[in-house]
Amino acid sequence: LKLQPPPLGYDLRDQSQMRQLLEQNDMEVQRKPVRGVWTPTLTPATSGTITLSTALGRYVKIGQLVTCWFNCTASATSSPLGNVQLTGLPFLSENITSQFGSGSLSQWGGITLSANFTFLAPRVNINDTKALFYESGSAQVSAAIQGGSCSSTTILIGMLNYMSASA
């Protein structure tokens with residue numbers, strides 16, 4: 001951690017100037033990117049399994065803003081039931097009502113969408129380390145995809161943006 005020296009003209013005996021200087025340095029620390037890797041998993045919420053042959057994840061966190069990338073490729077499924085969850089996000093999401101994180105998929109396949117649904121996107125749960133995948137379509141109410149929609153050829157490659165619970 002390298003603190004910046006006070007600008008010329010600052011009187012460090014003046015508490016308001018000292019507080020301003022500390023806040024500026026704190027903001028610099030919060031803006032410093034933190035980078036890392038994480039291991040994504042696909043988990044049916046109720047029961048069963050989705051086995052992955054590829055499970056890669058990277059992230060960048062700046063302050064509370066988290067951007068994650070994931071690559072999940074299935075090799076087998078065993079009676080998956082319930083919502084399909086992307087689990088193991090690197091940071092707990094913020095707990096603010098209706099403020100979900102969101103993302104996009106650059107590639108997906110091996111998933112059977114419901115009739116009249118044509119689009120799939122991830123959404124980060126509130127106060128959680130999980131995301132769900134939602135299907136949508138013209139004149140359709142979006143819904144979380146279910147484990148039975150996945151197969152041994154399921155592939156989900158994408159990214160997420162969300163606010164973490166702490167800086």
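**Exercises on aromatic rings in a predicted model**

Two aromatic pairs are counted in the protein, where rings of Phe, Tyr and Trp (its six-membered ring) pair if their centres lie within 6.5 Å. This is a predicted model, in which local features need pLDDT of at least 70, side-chain atom pairs count only at pLDDT 80 or more, and totals for chains, interfaces and linings use all residues. Residues are numbered from 1 along each chain as its sequence is written, and side-chain values use heavy atoms, with hydrogens and water left out.

**Exercise 1.** Classify the pair Tyr-59 and Phe-91 and locate both residues.

*Solution.* Step 1: planes under 30 degrees apart count as stacked, over 60 as edge-to-face and the rest as tilted. Step 2: the ring centres of Tyr-59 and Phe-91 are 5.1 Å apart and the planes stand at 90°, so the pair is edge-to-face. Step 3: Tyr-59 belongs to strand β3 (residues 47–62), whereas Phe-91 is in the loop between β5 (84–87) and β6 (101–111), 32 residues apart; strands are DSSP runs (E, at least two residues), numbered from the N terminus.

**Exercise 2.** Determine whether Tyr-59 is buried or exposed, and do likewise for Phe-91.

*Solution.* Step 1: buried means under 20% relative accessible area, exposed over 50%, partly exposed in between (1.4 Å probe, protein chains only). Step 2: Tyr-59, at 13%, is therefore buried. Step 3: Phe-91, at 22%, is therefore partly exposed.

**Exercise 3.** Classify the pair Phe-70 and Phe-133.

*Solution.* Step 1: with 6.2 Å centre to centre and 70° between the planes, this pair is edge-to-face. Step 2: Phe-70 lies in strand β4 (residues 65–81) and Phe-133 in strand β8 (residues 130–136), so the pair ties together parts 63 residues apart in sequence. Step 3: both Phe-70 and Phe-133 are buried.

Technical notes
Helices (H or I, at least four residues) and strands (E, at least two) are DSSP runs, numbered from the N terminus.
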